[in-house]
Each structure stands twice: as structure tokens, then as C-alpha cells.
There are 4 protein chains.
Amino acid sequence: MDKNKRKIINDPVYGFIAIPREELYDLIQSPSVQRLRRIKQLGLSNLVYPGAEHTRFSHSIGAMYLMNQALNVLQEKGEDISEEEYSASLQAILLHDVGHAPFSHCLESFFFDSSHEDLSLHFMKDLNLSDIVTDIFSDRYKKRFLHELVSSQVDTDRLDYLTRDSFFTGVSEGVIGTDRILKMFSVHNDELVIDEKGIYSIEKFIISRRLMYWQVYMHKTVVGADCLLQNILKRAKFLAMNNDLLPNKYPITPHLLYFLEKGTRKIEDKEALEHYILLDDTDIWSSIKTWTSHKDKILSLLSNKLMNRNLGHLKIQQNVFSEEDLKQKRQALLKKYNNEFSLQEVEDYFSATNELHNRAYSFDDRKINILYKNGEIKEIYEASDQLDKNFLSKYIRKYYYFEQ
Amino acid sequence: MDKNKRKIINDPVYGFIAIPREELYDLIQSPSVQRLRRIKQLGLSNLVYPGAEHTRFSHSIGAMYLMNQALNVLQEKGEDISEEEYSASLQAILLHDVGHAPFSHCLESFFFDSSHEDLSLHFMKDLNLSDIVTDIFSDRYKKRFLHELVSSQVDTDRLDYLTRDSFFTGVSEGVIGTDRILKMFSVHNDELVIDEKGIYSIEKFIISRRLMYWQVYMHKTVVGADCLLQNILKRAKFLAMNNDLLPNKYPITPHLLYFLEKGTRKIEDKEALEHYILLDDTDIWSSIKTWTSHKDKILSLLSNKLMNRNLGHLKIQQNVFSEEDLKQKRQALLKKYNNEFSLQEVEDYFSATNELHNRAYSFDDRKINILYKNGEIKEIYEASDQLDKNFLSKYIRKYYYFEQ
Amino acid sequence: MDKNKRKIINDPVYGFIAIPREELYDLIQSPSVQRLRRIKQLGLSNLVYPGAEHTRFSHSIGAMYLMNQALNVLQEKGEDISEEEYSASLQAILLHDVGHAPFSHCLESFFFDSSHEDLSLHFMKDLNLSDIVTDIFSDRYKKRFLHELVSSQVDTDRLDYLTRDSFFTGVSEGVIGTDRILKMFSVHNDELVIDEKGIYSIEKFIISRRLMYWQVYMHKTVVGADCLLQNILKRAKFLAMNNDLLPNKYPITPHLLYFLEKGTRKIEDKEALEHYILLDDTDIWSSIKTWTSHKDKILSLLSNKLMNRNLGHLKIQQNVFSEEDLKQKRQALLKKYNNEFSLQEVEDYFSATNELHNRAYSFDDRKINILYKNGEIKEIYEASDQLDKNFLSKYIRKYYYFEQ
Amino acid sequence: MDKNKRKIINDPVYGFIAIPREELYDLIQSPSVQRLRRIKQLGLSNLVYPGAEHTRFSHSIGAMYLMNQALNVLQEKGEDISEEEYSASLQAILLHDVGHAPFSHCLESFFFDSSHEDLSLHFMKDLNLSDIVTDIFSDRYKKRFLHELVSSQVDTDRLDYLTRDSFFTGVSEGVIGTDRILKMFSVHNDELVIDEKGIYSIEKFIISRRLMYWQVYMHKTVVGADCLLQNILKRAKFLAMNNDLLPNKYPITPHLLYFLEKGTRKIEDKEALEHYILLDDTDIWSSIKTWTSHKDKILSLLSNKLMNRNLGHLKIQQNVFSEEDLKQKRQALLKKYNNEFSLQEVEDYFSATNELHNRAYSFDDRKINILYKNGEIKEIYEASDQLDKNFLSKYIRKYYYFEQ
């Protein structure tokens, strides 16, 4: 291996991370991966958890590190993994997030009507990698456990993000037994399974993920900030489409302007993809800063609110908000702003309503299977003394109404 | 406060712990509390987790620290707690474990047929404290929340031991959100309740406790070591009662000898209590070491096994072991030892069988109640989206058979 | 205190931080402090330490937390501190960095020919605070120890940044005994002193700071990245002054444009200050991203290098680089670029040379004094067995040459 | 490798430690190594740092883990290390402390007039290992760096104990950059050297070791407790030699009795060695507990003091205590005890005086050499900007007087 590429990265979460292969070093240096340095892992969560400034880049490196550990464990247990498969798995996980939009999930559907996974797959293909990499990523490779290490209900992606997000937010309760879970990985019929001794760690992992979901990812204030940001971009898009955004007077970056003028694109649109891969959090922030003095009152008002962390109010309830209720709330809002805006504007730009949902375990997705010493296999809900099917499949659904 | 008593203790778990009151300093210096320095918190668990050498002393100091934090939180929320009550609560938690036997739970029923809590209460009374201390400890004080901080399903005892045991064993998954839980404490109708925002932390706490229970406290190898130690003492008692222990030839400490000769005592036996409070782990270890060369083959064989961590084998199953099965196992064991011992001896000293059980939450004990912003109170199973009554009340029961 | 302002901030470094006063809550919400959320504490260090994404905002909150602890310690030791002084000290430390430029130290002299401290003082005055706040900040308050807690050789600023930077970079060796040092603070003749028992912690603090200086703050690759960024802005300024920056074609934010066209300003320039307080890291990044396709070859080439972490090469030596040596290096560089650029351009934009220096302890600054039990005071170099005057005063000076 | 021997140990300091070779598993199971479970790493330091209950056993496992890492680093850098040498180095470090006395350094010279290293070598030889193991341990192996990894000024022993002791005492300032230092290990002319980039970590390591020395190992209260324990054993030995110890009435363990009656032995004394290897902390504690009611007033008084943490007073000064001064102090002590004891007894059993010394770096020992990229070698004091010869060689010497 080229000495210059034998780098060690200092990671506050795991300590030293050695870049495990030369080709990985080259990929890390690629613009697609370097771009992830400018996209925060948790979007606007830093407005609530000031330590949560960590990026998709450090998450990708961390997940690569865990993948390396996992492959090692499996090889030590006698699993046959060729050098080509080994390297391809590392590449697949390193690149699994290259398709992410600025602000991660918050703006996921603003630019394209495709998921970030599909976008990742697209940009991977651009990198001229071996087919195995994309096959593993898109679950078309025969050794299915390699895909499952990249994406399943206990993959190296989740292991890293739970560990990392709980580290940087300071929510110590989110801590999971990553080391232990990795050591419990095994393969059975080409699928990833968990050794019997790992049951408690898996239970704990499922509960911690749920806790992080409600306490961090769906934190009231963060959801409110997301609504505000979405409303700002909705307004900017409206103005752009009506030639009222005035980018010469209120300069914004060209790649963001492209999407504001054209609207949400299809993944087949090559030109759009070229703009997209040059976008990151800084385009959004610098535009919003410019808009704080925009002549459009709605745009400038909302932009100022976000800049100064004036994040409005979010109400969460178990039932959907009735039309009647929403109507009343918007009327009140209209009054609050002294009828300066129309009812439609108030609805579109000063409020939002939607649902939040989460499920501890999905029965539709790839199973979490436990491997017993006697060779038997049981799905987690059968193996666990405690987490029964009822518990795991419970679909928690809540509704929120946001207003500024 | 006397300057010499304004001490700060360096605790690896919480950092600096200031001794909060002069009278606490004096209690810490008392022989009953100093004795806890020589009783390990987790008995023989250090044979599996080599870091788990921490003592009941450091746990008591830690629990006192958390009590101080908790009382502070409640006062800040406007709860009226007099200086006398404040100090008494600190004293009660500091002393809550003074009645523990050597090796903590493992030998709990060997010396007295009373619980360690009853013994703690007895030794507290010896210390001439204000009645409030013992009233709080034994739940006869009107402000019931003070007792609940000492002993309930989310008390400062559990908060400390889960945190401490997971720290010293290195089982990072046991980590709970102690800081956060403390901040969520409130009082409602003189009872301890948890603020609504603390629900997820409580769920997490319940799951972590369960994990620690099966992964650490009831770890197979630890349970086996406990059986071995209990069998050694059973044999020594048998010999002592038959004048075959020969303490002059194989010297042991006088306080242990007392109990070997007299057997398990009643809590009313003053003399026995006086011997008991002078016993700690070192009496047991030094005797076992002496016995490694004892002329009684059973005693010396077992003692050597424990000394050299030759810990036998434990089988765990969901059902009780049938008499037939046990009979067969003992016959095989008889053979293994070439009929050197009788069947009864094999049963009594080379094997053991019993049950293990645990329940995530007890409906018989004091409830964990959640306090909503609107003043409403719900028990945890009603408040939680996820932890329903079924889940919480499930009584996990397993059976083990141990043989040497 | 207004309930809505009684907030707790989750900090990964210290755990929960309660905002200690209502007026502090209001200041935190001010645009000057919120701006610090968009200025990274360590500028471009995240290119080497990917975890080092933390901001001046979280540092300011952290320093405020330590100040609160320190004032508490001093009050407990009997020091008289009025409520007004207490609050003012908290305000002074919270605001001590509001004058920082984007990218912190890297661009400190690009916008104004004043230090960031002077700028902080200016912006503080804008906030209409009590005079005590600015008096403490600028060392005109009689109780000098209050200023020393804000700014001296062992202040809460340094204590926080060493702890925080070592946490987020993952350089565990930088860890200092913050808790212990705070507990050792005392006051003697209105000056801050350290109790005798804290000597070793202070020695350790001095050595850790030095280590962080060379291993993190002046890390070769970081210094190189700083040179690259400075050269980019130098080129942009040159173009702007010659009307070649073309902001309509390559849009950049108005506040950055202001300084590129006008050059470095004096602190008396009100208009410049108004632009400055609206600038942060995102203005710089979004502009550099735009410039990657600029028609000026030098600007686009350099911008692309920074965007893709192509950070050039830095040579460090003990002696100043001779004119002869520099001449040769630049000639070689000229060749490397096939004479595409002039010698002057190569010197100005593709290379840089300067000195790095550090001193473990400054004899010009406020002393670190040790207070003995008998009331005696000694300066650290007299008190320490090991750190003598020679050692402490040694001025380490190194020279670097950077080229792209 | 035998599956049953492929164990993983949960270590709170490093996480999971896999036992790296089958033969290591066997050695860990040997009585000599198991005995280290009953000898605390830091003797009586737990009287000051209640978390410091960790044992020589966990230190030995930890040092083995670091050795494995170090050998790995060297192999990756191309160093030729045969499987035999690899395993032997692991064995040598695992066993390096088997010769330690109960209470580690405190009683080092009580049992034998040899160092614990010589005793370790003796017991290693008993284990019938390959000659390479003892050759490496005693520095007679050609590849000297293997010995240096076991014992030098930056060996895996020191790296582990500094890390471990600072973890368990909670003295966070003792933390060193173990991971980083290990990665900087190289070999040059068969000697261990440190890569240039590791200089700051080595400086830090040297300073941390010094801090731990004065703040933990030589903590005033710990030194006092050591004196007290030594005086107790001195008195017990005096009584034993005069047939006044009465072991039948005040039973103590036979192996301790052996040394009390015979006095300090020579390492050639086979019988003494056999007793020694069966001694650990529990023999001492159980005897002292028995002696609390001994009819010899001095023995019982001192024993009670230690049991109840009544640890006397220690005075430290820069100069040796004058005879005159000592005389006065002892006269006062005589009075304090109302002339109940003779002057000689007061001197021998109620007081102690001695020196404490430490040096940051020894010029007599194996050098710490720095390897530059250009192949040059410099000793640390030449390589470091800051730690000059003066500083490093300074021999700190202090004198203490202890009295009860």
C-alpha cells in the first residue's frame, strides 16, 4: 500500500481509524465524499443539541470502520470472504450516503422525488467501481449478508449513527453495545444472524434506537425548525417561479437557484444531478442569510426567524388535527399577523401539519435472526423473553401542528 | 462546617464528590461504613469481569451523591424539605447497605435468616441517629417520597448501582441516563413522580436493569461460582458442627468460626450480630485459602477449585429439572469422581440446582408514576407508548443445574 | 425566573448545563451570540480532525458553565461576590468571543486591523449591558480576579477550549483536570490564585496546552489549509479591487463582497462593523464553491483545491527560510505550473511563509500564583519542583514554507 | 485454537480483550497468575481513592493487550518477529508481576531482600516456559526491543498502569495517549524507538507519570497508611520472634506466620518461596482484623487504627528531618500516649521517617530515542523543544515524618 495513503484518522468516537485499503483512501478523496463534510448528520438538531455539529462525512468513515470490524469477526469465525468482496463491502458502506441532500432528511424530497438511497446508487455508478460494490449496495449480490451489513435492521450504518449521534448530542442513554453486537455477528445460509449470547444487546439496541428517535431525531423543537426551513424554501421556490426571487439583488448560489427555478426533479435528469452533487448546507445558509433583507416580507420574516432561532411552536397529539381545528388555528394566526398576509399564505408559509411515526422493529424488512448453539434459528421476537411480537410491531403514530 | 471534614472524594464514576454535611463525614468514618470497603459490590462477579472489584463502600458514597442531587432538584422545584429531612435522607441512603453480608447477595441467607435491609436497620439503630433517619429508611415517614428516593423502583440506590456496575464491569450497554432521570424527579401528593419528559429515560432504565440482571448479575459463570462458594461454606459448617473443622490446625478467623459452629442465626441474637459486623470478604478468602490443604478431601478439593478459578459447569433451562434428570446427572458425577464420595455428598457439595427469576417491573411494589404538565398522573405502563402491562409484568423464570 | 427561560442545554462535554440567569438566556438568544453557531471553533482543523466541527457557540456556553462553577467555588470559600458582579462575570465570558471572524483565528486580520478581543468589546457595548460587564472584560474592574476568570493564563476560556477541543478532535492527551483546577481557585488581594494542592494540575495544564498547540492548532496540514484559504481571499480581494471578481456572474454574499472591495478596515468604521457581524463561515464556503468555476484561473484553481482537500505541502524548520532558498523554491513552483503564472503570482497565491511560535508560560502576562496554607504566595515557576523559569519562558519559534 | 480457550475479557479500560494465544489462556489459569486477583495494584491507595480497587491481575491482562497491539504495529511496519518471539513477549509481560508481594510496593522488602522483578523471574522459571520468555524478561535476548516492550522507560507495563490507575482513581489528568504512543513505536538497530511524530505524546507521558507519582502513588495519606501497615507488621514480627504473637489465640494464616517467625528471607530459600506464592492481601487483612483484639496493646491499637481508617499524620518537607527535630517530635508523642509506651516503641511503631524521590526521566536507564524521517536518532531531551536535560534529570527528593 502506498505509504502516503496509509493514513490514520483521529475519531473522537472510536479513537484511531486506519484507512483499511488504498482504494478506500482514493474514494475518501473524491469530491462526492468530501462534499459530505459540508452536510450535517442531523440537519437542524444542533439548534437543540449544540454539540450535534457532526457531518455525514464522519458518519461514513465511522460506518466504514465498523464494517471493517464486522468483516474481520466473520472471517475469524471461518466465513469465506474474498479480498474483492471485502473491499467492495467497505466501498459500499463508505458511499452509502453520498446521495444525501443538504440538511440530510429535512430536505430529502425537496430536490428529487427519489430517496437518498437511489441517489447514492446513482453517484456510486459515476465513480466507476467494480460491479460488486453496487450489487452489494442494491442487494443483488449472492452473499446477502454483505448487503445486510450495509443495510438491514442491525447494519453498520445504524450501529454507527446511534453511537455517533448519542456521542455528539450528549444523550448518553442512546449508547449501545456496538463492540459486543459486532462480535455476535455470524452468517447462516448466506444471511446475517446474531449469536444467542447477543440477545440482550439486540433488545437494548432496539430500545435505544426508539429513544433516540423520539428524544433527538423527532425532538419537538427540531421538527419545528425543519418546518420553518421547508417553508422558507417553499416560499423561495414560489418567488423564483414568479421571477420575484431577484437573485442579482439578493445573490444566492447557482446550484440552489437551479432547483428553486425548476422545482423538484426526476432522477433521470442528468443536469439536475450535476447541480445536486455540488449542493450542501452552506448553499442553504448563505441564501437564507441573504434573504433576511429580501423585499418579499414573507421570505425575509421567515429567514430572520431561522437565523435568530425564533423557532415557532409545535403541538403534538395522538390524533390527526381536524379540519375545523386547523381552520381555527389559521384564523388566529391571521389575526396575530394583523391580516398582513392572506389565509393561503398563512397556511402555506407560517404553519405546517403532518404525522410522525416510528416502529421499534419492522416485520416487512429483513428479519433480525438469532442463531442458537444447536444451529437453530429464531426471529428476535421469538428468541427474546421480553420483546414479544405485539411490542415490536406496535406502530407509534403522532400528529403535529406547527406555527410560526 | 469543620474544615477537616470538608472533604472531597475522587470518584471515577461521577468525578468529585463533596461530602455534603459534617454529620455525614462522621458516619463515613464509623466502623460499620468502613467495613463496606472490604465487601465487594458484586461478590464473585470479578471472576468474570475483572474490573468489577468495586465495593459497597463506593456504592454507598455514590448513592449519597445522587441523593444530594435529587434533593436539590426537588428543592429547586419548590418542594419543601427541611434541613433535618435533608440530612436524614442522606444518612439513610449512606447506611442503606451496612447490613450486607460478605460477598453481598451470594451469602445473604448464610448468616441470618433476615434480609440485609433488616440487618441494615438494626445496625443503623446502633448508631444513635435521629429517628427520622430510620423512619425514612423503613417507610414510616409522612413525606413518603423521601423513602422512595432510598428505596423504590427508581431510587438512588438503583441509579447508582446500575451506573457503577456497568462502569466497572465494562458493560457499556448498562449505562442509564442518571443525570436526566434525576432532573425529572418531582413530588406529587408526597410521592415521587417522574416528569412527562422523562418517559423515554425510564423505559431505557427498565430495559438496562434487565440487561444487567441477565448479563452481569446472573451471568452463568458467576452463578456457578456462587454455588461453589455456598457449597464450600456448607461443608465447612458441617465439619464445624462435627468438630472436624480443626481451626487450630487450619486457622480461620474467629467471627467466621462462630457462624460455622452455630449455624444461621436469628436477628434477635445480639452476640451473633456483634460477630457479623466484624465479618467481611477477607474472612472468607483467608479461610478458603487455609482450607486448600485441609485434611477433609471435600473441603480442600472445593477450596482449591475456587482459588484457581476452576468453576464447574452450569446448565440453564426454561423448565425445572426433573427428579429423574437430576438423579442421572448425580450418578454420572459419582462416577466422574470414581465413587470417592457418597451420593449424598455429591448432591450436597458438588452440585446445586435452583431457579433464577426477574421481572422488568413489579406491580406489587411502589409504582413508577408519570406526571403530566396538566397535573395528570399515569402509571408507567399507561404512559408509555411501548411498554405495556403485559411486557412489564412478565415474570422471567429459569432453572439451573450446577455441577463441579 | 421566567419558566420558559429556565432551560437546560445538553452538552456532550459536561452533561447538562443549566442557564444560570434569565438575562443570560436573553443574551444567548441575541443575534451576536447566535451567529457564533456558524463559526467553527477550530476553523479548518476539521480537515484533519473530522470530529472538530464544534462551534464558538458551544465553547461560549461551556465557558459560561465553568465560570458559574468557579464563582461558586469562590463564594463557598467565603469570597464576597455580589449578585451584580456574579451576573456580569457570566455575561462577560458568554460574550468574550462575539468579535471573532469567520474561521476564527485563520482570518483574524483579514477584515479589521484589530484583535478579536477589541471587536468583542465593541459588540458588547452594542448590547446595552451594565458597565460592570465591559469593565470586567477589559480589566478595569477593581476585583481583578473577575477579569482573570475571563482572561488570564488559567481562565475559564482556556479551561473550556482545551477540554472541548481535545474532546472533539479525539486527542485524549489534551485532557486537563478542569474540575480539579476549578476547585483550587482562590482569591488573594483581589487576584486569582491557585491553592497549593493544585500545583500538579497546573503543571499538567501548561503541558497539555502546549501539546494541543503543536498537535492540533498548529498541525502541519491545518496550517497549510489556512495558507490556502488566505491566498484564495487575497486573490479574490485583488480581483474585486480590479473589478474582475464579477459578483453578478459568480454570486457571493454581500457582506463578504463589501470587505473584498474595501479591504481591511479600521475598528472605527461603523458600516464595516455592521457588515462584519453578519458574516460567518457559510459566506466564505459558499463563495469559494462559486469560485470553483470562476474564469480567473488562479481563483478557480485554488478554490477547487480547498473544496477537494488538495492541501499542498508545508515544510517546517527551526530557522528562517533564506531568500536564496525561497527564490529556488518559487522557481521550481513556476516550472511545476509550466510558467502559466508569473513569479509574483506564484509567490503571492501559491506559496506562503511565516513563523509559528509558542511559549508554555508568559512572564509578561498575568502571573499564575500559588497560595500556600501559610498564606505565602509564589509564582508557578518558584512553586513547582519541576517547571523552572528556563523551561517555562522558552520561546519556541519555527518557520514554515507552504506551497500548493 | 481450542474453542474453549478463545475467550474474550470485558475490560472497562480497553473494552473487549481477546486472549491472543492458547498458551496465554493456560498461563492465565495458572495459580501464580490467579493469585494476582487478590493483590491490589495500588496497595492502600483505595483508602484515598475508593475506586482504586483494581488488581495486579487486571493490570497484567491489560499490559498483555497492549503488548499484542505493539507487536502488531511493529510487524505492520515490516519488523520481523517470529511466532515464537511473539508468543514469548506476550508471556513475559503477562507474568512480569507474578513476584509481587501482597499490597504491591508497600511490603516489597518485608518478605525477601530481593526485588519483585527477581521474584517474578524465579516464579516464571517454575512454569517451564520456553527460554525465550525468560531471556526477553531478563534482557538477554538479542532483539532487545522485545525486552524494552516489557521493561524500559516507555514500556507496555507503564502504558497500562498509568492508563489503568488514572481510570480507577478518577484522576483524569493522568490520562496518556496510549493508542498514539503504540502507533509511534518503531525498531532501529534492534532497539525500540519512537517515531518523530510521537514527541509531544512522549513529553505528555513523562509529565503524566510524574503527576500520578505525586498525586496518587505518593499521596500523603497513602504514604501514611503504608507506614502504619509496615509498623503493624514490624510489631507482629517482633512478637512472633518473642513467642508473643499467640497464633492459636489470635489465629492468622500459616503463610504469613511463617514470615513473621522467620523474618525477611533470601531468594534462594525454596521453602520461603513456596509460602510466599500463597500469600496475598487477604492474609494480611484477616490477620490485622484478628489483631484488633490482641492482648499486645501496641499491636491492637495500630490494627484498630488501620481498620477504621485512623491514619495518623504525615509531614513532608524539602530537607531531611534533623535528629533534634525528630527527638522533640517523639518526646511529644510519648506524652500524647501518656508514657504508656517506651521511647523506643514510640519511635519504632508510632512513627516513621524516610525519603520520597522521583525523577521524570532516568539517564541511567534505557534511553527514549526518537527516530526522524531521515533515519537520524536523537534522545528525547535533544529531540524535544521543551524538555531539556536539566528538566528531565532533576531528581526530586522530599522527606517525610509520620506519626500516629
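## Burial and the aromatic pairs

A residue counts as buried when its relative accessible area is under 20%, as exposed when that area is over 50%, and as partly exposed in between. The model described here is predicted. Tyr213(B), at 17% relative accessibility, is therefore classed as buried.

Over all chains, the structure holds 80 aromatic pairs. One of them joins Phe110(A) and Phe111(A): the ring centres are 5.1 Å apart and the planes stand at 80°, so this pair is edge-to-face. Phe110(A) is buried, with a relative accessible area of 12%, and Phe111(A) is buried as well, at 0%. In chain B, Tyr213(B) and Trp214(B) also form an edge-to-face pair, with 5.1 Å from centre to centre and 85° between the planes. Trp214(B) has a relative accessible area of 7% and is therefore buried.

## Salt bridges in chain A

Side chains of opposite charge can pair when their charged atoms come close. The structure holds 104 salt bridges over all chains. In one of these, the side chains of Glu53(A) and Lys40(A) meet at 3.1 Å, N to O. Both residues lie in the loop between helix 2 (31-35) and helix 3 (56-76) of chain A, 13 residues apart. Glu53(A) and Lys40(A) are both buried.

## A salt bridge in chain B

In chain B, the side chains of Lys297(B) and Glu340(B) meet in a salt bridge of 3.2 Å, N to O. Lys297(B) lies in helix 16 (residues 297-307), whereas Glu340(B) lies in the loop between helix 17 (323-336) and helix 18 (343-349), so the pair ties together parts that are 43 residues apart in sequence.

How exposed are the two partners? Lys297(B) counts as exposed, at 52% relative accessibility, while Glu340(B) is partly exposed, with a relative accessible area of 45%.

## Charged residues at the surface

Which residues gather in a patch of positive charge on the surface? They are Lys7(A), Lys220(C), Lys197(D) and Lys373(D). Lys373(D) is located in the loop between strand 7 (369-371) and strand 8 (377-379) of chain D. Its relative accessible area is 75%, so Lys373(D) is exposed.

Glu268(A) is found in another loop, between helix 13 (254-262) and helix 14 (270-276) of chain A. With a relative accessible area of 59%, Glu268(A) is exposed. Glu268(A) and Met64(A) are 204 residues apart along the chain, and their C-alpha atoms are separated by 29 Å.

Note on methods
Residues numbered from 1 in each chain as written. Chains lettered and ligands numbered in written order. Predicted model: local features only at pLDDT ≥ 70, side-chain atom pairs only at ≥ 80, totals over all residues. Heavy atoms only, no water. Patch = residues over 30% accessible without salt bridge, like charges linked within 9 Å, V, L, I, M, F, W, Y side chains within 5 Å. Areas by Shrake-Rupley, 256 points an atom, 1.4 Å probe, with all protein chains shown as cover. Salt bridge = Lys/Arg side-chain N within 4 Å of Asp/Glu carboxyl O. Lys, Arg positive; Asp, Glu negative; His and termini not counted. Charge placed at Lys NZ, Arg CZ, Asp CG, Glu CD. Helix = DSSP H or I, 4+ residues; strand = E, 2+ residues; numbered from the N terminus. Buried < 20%, exposed > 50% of the residue type's maximum accessible area, 1.4 Å probe, protein only. Phe/Tyr/Trp six-rings, centres within 6.5 Å; stacked < 30°, edge-to-face > 60°.
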